[in-house]
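Here's a quick briefing to read alongside the sequence and the 3D view. Have a look around, then work through the points by topic.

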Amino acid sequence: MNENTIISTIVYTFLAFTLLAVTLIIFYYFSNKKITRNLIQKKELEVRYEKELTHAIISAQEKERLRIAQDLHDDISSKLSVVSLNIHLLDFDNLAREEYNDLKNKIIHLVNKTAESARQISHDLLPPILEKFGLHAAIDALCSEINLSKTLQVTYSNSLYFAKAEEEKNLHIFRILQELINNSIKHGESTHIDIEFLGKAGKNTCIYKDDGKGFDLNENTLKGGLGLRNIRSRVELINGTLKIESENNKGITVEFTF
């Protein structure tokens, strides 16, 4: 091998290593840029999701405040106004004993009705049975109350233990069921609901089914409905997962873990 051949070999080898190095540098640059871009996009999605979650929670709170305000104004406030009016009537000097007793009985009846309305509002905010006896008793009572209507029947079964100490989690689960039942009644026009709590794949799971109208999952129903957004938000708050299956005229199946 002559000297020119050796020099050519060295030059070509150097060029080959240089080309390989440049190729690796370019590959690393673009790969790193792609990874960085993906991380930024992921972070943006997380921020957007957090904003949507916060918005859903705030919307739910505002909706609940509005409902309470309407209940207080429409029910309790109106009853108290009538009570006040009847109390003023008692000041009339020319009232006969029978009229006086009728007014007194009417006032007592209105006060009792007002107290009943106040208890109902308090029950809606935090059911006493949930606080005193736990989640299982509260769900059982809720289902029994609905079954009294005869137009909608709820089947409830539970093989899990709900720790009474987990008050916040239990309240979220109870509210999720309330929201699901409300949707089944108002939108699904259901006649039967099945609620089952069980262990599945090592996780505490609730399976909720109704025989209502259902809806098309391909539409924006899941994004647009405040009720379902609230359910999704509460499931996130208890570190669970949510799966919804539905078709038009085939009811709905909701499965969430906690």
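## Getting started

Glutamate 255 and lysine 200 join their side chains in a salt bridge, at 3.1 Å from N to O; the term covers a side-chain nitrogen of Lys or Arg within 4 Å of a carboxyl oxygen of Asp or Glu. You're looking at a predicted model, where local features need pLDDT of at least 70, side-chain atom pairs count only at pLDDT 80 or more, and totals for chains, interfaces and linings use all residues. Residues are numbered from 1 along each chain as its sequence is written, and side-chain values use heavy atoms, with hydrogens and water left out.

**Overall layout**

- The protein has 7 helices and 5 strands, taken as DSSP runs numbered from the N terminus (helices are H or I, at least four residues; strands are E, at least two).
- Reading from the N terminus, the order is α-α-α-α-β-α-β-β-α-α-β-β.
- Out of 258 residues, 28% count as buried, meaning under 20% relative accessible area, with exposed over 50% and partly exposed in between (1.4 Å probe, protein chains only).

**Salt bridges**

- The count comes to 4 salt bridges.
- Glutamate 255 counts as buried at 17% relative accessibility, while lysine 200 is partly exposed at 36%.
- Glutamate 189 pairs with lysine 213, with the closest N and O atoms 3.8 Å apart.
- Glutamate 189 is in the loop between α5 and β2, and lysine 213 is in the loop between β3 (203-210) and α6 (221-224), so this bridge connects parts 24 residues apart in sequence.
- Glutamate 189 is exposed, at 54% relative accessible area, and takes a positive phi of about 55° just after α5.
- Another bridge joins lysine 250 to glutamate 247, with 3.6 Å between the closest N and O atoms.

**Aromatic rings**

- The whole structure holds 5 aromatic pairs, which are rings of Phe, Tyr and Trp (its six-membered ring) with centres within 6.5 Å; planes under 30 degrees apart count as stacked, over 60 as edge-to-face and the rest as tilted.
- Tyrosine 156 and phenylalanine 197 have ring centres 6.2 Å apart and planes at 85°, so they're edge-to-face.
- Tyrosine 156 belongs to strand β1 (residues 153-158) and phenylalanine 197 to strand β2 (residues 192-200), so the pair ties together parts 41 residues apart in sequence.
- Both tyrosine 156 and phenylalanine 197 are buried.
- Phenylalanine 162 and phenylalanine 197 are edge-to-face too, since their centres are 5.2 Å apart and their planes are at 85°.
- Tyr156, Phe162, Phe197, Phe256 and Phe258 make up one aromatic cluster.

**Helix α4**

- Several residues of α4 are buried, including Leu135, Ile139, Leu142 and Ile146.
- The buried residues of α4 pack against α3 (128-133), β1, α5 and β2, where contact means heavy atoms within 4.5 Å.
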